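This briefing is meant for a reader meeting the structure for the first time. It takes up a strand and its partners, then a helix, and then the surroundings of the ligand.

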Amino acid sequence: MEKLVVSACLLGCNCRYDGKNCHVEGIEKLAENFVLIPVCPEQMGGLSTPRIPAERIGDKVINREGADVTAQYQKGAQMALQIAKINDVKCALFKSKSPSCGKGIIYDGTFTGALKEGNGVTASIFEENGIEVYSDEQICDFIHKSVDKSDL
Ligand code: SF4
């Protein structure tokens, strides 16, 4: 069975910066077609939960109090990539807008909720390594490709 790396918060893990999750109803259905491999790069990089929110600013990741947490984000991304490679993963389903997992659009570094084009640190590294990244905002497309949506 094909393997799929998934942002752990989408599966209901309370690993977000605020100690909550972003569970997507029906996502468990993917387990019928994939071995699901949950990752939370921010936790894996050594950040606590809950934690101070951070956003990408240029090449760095800075938290709301001005601390540079780029190293933790890069460490978590590399660990997630290592897990993906060990499992020969071709595809990942990541939480949108996150400075780690976001694909295509992320928060713009002003901590106002404004968005900009770009990827989170982990999404960038996955794509650089040839792993196809989908965001949860594409989840219907993704699920449609993998399972019958009417079953959700
Ligand atoms: S790093 Fe990714 S998996 Fe972890 S809480 Fe943020 S969006 Fe979810």
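Two strands are said to pair if DSSP finds at least two bridges between them, and strands themselves are DSSP runs of E, at least two residues long, numbered from the N terminus. The model described here is a predicted one.

**Strand β5 and its partners**

- Strand β5 covers residues 91–94, with Cys91 and Leu93 pointing one way while Ala92 and Phe94 point the other way, and all of these residues are buried.
- Strand β1, made of residues 2–7, pairs with β5 in the parallel sense over three bridges, and valine 5 has alanine 92 in β5 as its bridge partner.

**Helix α3**

- Helix α3 spans residues 121–128 and is mostly covered, since six of its eight residues are buried.
- The buried residues of this helix are Val121, Thr122, Ala123, Ser124, Ile125 and Phe126.
- Just after α3 comes glycine 130, which takes a positive phi of about 80°.

**Surroundings of the ligand**

- The ligand takes up the space of the largest pocket.
- Around the ligand there are 14 residues, of which Cys9, Val39, Cys40, Glu42 and Cys101 come nearest.
- Sorted by class, the shell around the ligand holds seven nonpolar, three polar and four charged residues.

Notes
Residues numbered from 1 in each chain as written. Predicted model: local features only at pLDDT ≥ 70, side-chain atom pairs only at ≥ 80, totals over all residues. Heavy atoms only, no water. Buried < 20%, exposed > 50% of the residue type's maximum accessible area, 1.4 Å probe, protein only. Helix = DSSP H or I, 4+ residues; strand = E, 2+ residues; numbered from the N terminus. Near = heavy atom within 4 Å. 1 Å grid on protein atoms, 1.4 Å probe; cavity = no way out; pocket = protein on both sides within 12 Å on 5 of 7 lines; lining within 4 Å. Sits in = over half its atoms within 2 Å of the grid points. Nonpolar A, V, L, I, M, F, W, Y, C, P; charged D, E, K, R; others polar.
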